[in-house]
Amino acid sequence: GARWDRDERRIMDSYPREMYSPMPVILFKPTEDYQTDPKDYSCPLYKTSVRAGVLSTTGQSTNFILAVDLPTDEHAEYWTLRATALLCQLND
């Protein structure tokens with residue numbers, strides 16, 4: 001898992017025994033010709049923690065919303081192998 005470090009302004013490893021960590025509110029600002037930073041982790045944002053969803057006509061899961069580029073000191077593969085994702089709702 002991962003957590004957002006407010007001081008470092010990047011994702012870091014989660015604390016021991018911490019399953020979920022809150023993320024601050026994200027402001028999305030439309031930008032023309034946006035280029036992703038190759039050092040960022042393109043983190044998937046899901047509606048719920050059930051990552052499987054019905055495939056829509058576009059071929060994407062109906063649970064998937066979008067990818068959010070998050071700054072990190074690690075390679076993107078590091079977070080992908082840890083299945084790091086943002087969730088809008090926990091299934092408690």
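**Rings and surface**

I began with W79, which is buried at a relative accessible area of 1%; buried means under 20%, exposed over 50%, and partly exposed in between, with a 1.4 Å probe and protein chains only. I am working from a predicted model, where local features need pLDDT of at least 70, side-chain atom pairs count only at pLDDT 80 or more, and totals for chains, interfaces and linings use all residues. Residues are numbered from 1 along each chain as its sequence is written, and side-chain values use heavy atoms, leaving out hydrogens and water.

Next I looked up Y78, which is partly exposed at 24%.

How many aromatic pairs does the structure hold? I found two, counting rings of Phe, Tyr and Trp (its six-membered ring) with centres within 6.5 Å; planes under 30 degrees apart are stacked, over 60 edge-to-face, and the rest tilted.

Y46 and F64 have ring centres 5.9 Å apart and planes at 70°, so I noted them as edge-to-face. Y46 lies in strand 3 (residues 41-48) and F64 in strand 4 (residues 64-70), so this pair ties together parts 18 residues apart in sequence; strands are DSSP runs (E, at least two residues), numbered from the N terminus. Y46 is buried at 14%, while F64 is partly exposed at 24%.

Y78 and W79 have ring centres 4.8 Å apart and planes at 90°, so that pair is edge-to-face too.

Last, I checked R3: it lies over the face of Y15, 4.1 Å from the ring centre. For Arg, that call needs CZ within 6 Å of the ring centre and within 35 degrees of the ring normal.

Methods: Helix = DSSP H or I, 4+ residues; strand = E, 2+ residues; numbered from the N terminus.
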